[in-house]
Amino acid sequence: MDQETLSLLRLLLARLERISADSHVAHRASGIRGSLLRTVEMLENGWAVSRSELMMVIKAGFSILERAAREKAK
């Protein structure tokens, strides 16, 4: 994968880490972070990651961030 994809994954990780433990989505965010961390590790080690798996984990990360933002805005 390219550096842009790795940068996006790292940004998602950083943002998901900032979700408050008091949030209703905190547990789900933790699970998505774990998936993102494994994906980043695989990419950094040169292992193959399917494009569909990569897109799925990225979409899930953004979805959790959106839910956390909506929750915080209430």
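**Figure 1. Lining of the largest pocket in the predicted model.** The residues that line the largest pocket are Arg-15, Arg-18, Ile-19, Ser-20, Ser-23, Leu-65, Ala-68, Ala-69, Glu-71 and Lys-72. Sorted by class, this lining comprises 4 nonpolar, 2 polar and 4 charged residues. Helix 3 (residues 51–73) supplies the largest share of the lining, with 5 residues. The space inside the largest pocket amounts to about 240 Å³.

**Figure 2. Arg-33 and its contacts in the predicted model.** Arg-33 belongs to helix 2, which covers residues 26–44. Leaving aside residues up to four places away in sequence, Arg-33 touches Leu-13, Leu-16 and Glu-17. The relative accessible area of Arg-33 is 22%, so this residue is classed as partly exposed; the cut-off for buried is under 20%. Arg-33 can also be placed relative to Leu-6: the two are 27 residues apart in sequence, and their C-alpha atoms are 14 Å apart in space.

**Figure 3. Leu-11 in helix 1 of the predicted model.** Helix 1 runs over residues 3–17 and includes Leu-11. With a relative accessibility of 43%, Leu-11 is partly exposed, because the exposed class requires a value over 50%. From Leu-11 to Thr-39 the C-alpha to C-alpha distance is 13 Å, and the two residues are 28 positions apart in sequence.

**Figure 4. Helices of the protein chain in the predicted model.** The protein chain contains 3 helices and 0 strands, and along the sequence its pattern reads α-α-α. Helix 1 spans residues 3–17, helix 2 spans residues 26–44, and helix 3 spans residues 51–73. Of the contacts in the protein chain with a separation of 6 or more, 67% join residues 24 or more positions apart.

**Figure 5. Dimensions and surface of the protein chain in the predicted model.** The C-alpha trace extends over about 40 × 15 × 15 Å along its principal axes. Buried residues make up 35% of the 74 in the protein chain.

Conventions: Residues numbered from 1 in each chain as written. Predicted model: local features only at pLDDT ≥ 70, side-chain atom pairs only at ≥ 80, totals over all residues. Heavy atoms only, no water. 1 Å grid on protein atoms, 1.4 Å probe; cavity = no way out; pocket = protein on both sides within 12 Å on 5 of 7 lines; lining within 4 Å. Points joined across faces, edges and corners; volume = space filled by probe spheres on them. Helix = DSSP H or I, 4+ residues; strand = E, 2+ residues; numbered from the N terminus. Nonpolar A, V, L, I, M, F, W, Y, C, P; charged D, E, K, R; others polar. Buried < 20%, exposed > 50% of the residue type's maximum accessible area, 1.4 Å probe, protein only. Contact = heavy atoms within 4.5 Å. Areas by Shrake-Rupley, 256 points an atom, 1.4 Å probe, with all protein chains shown as cover.
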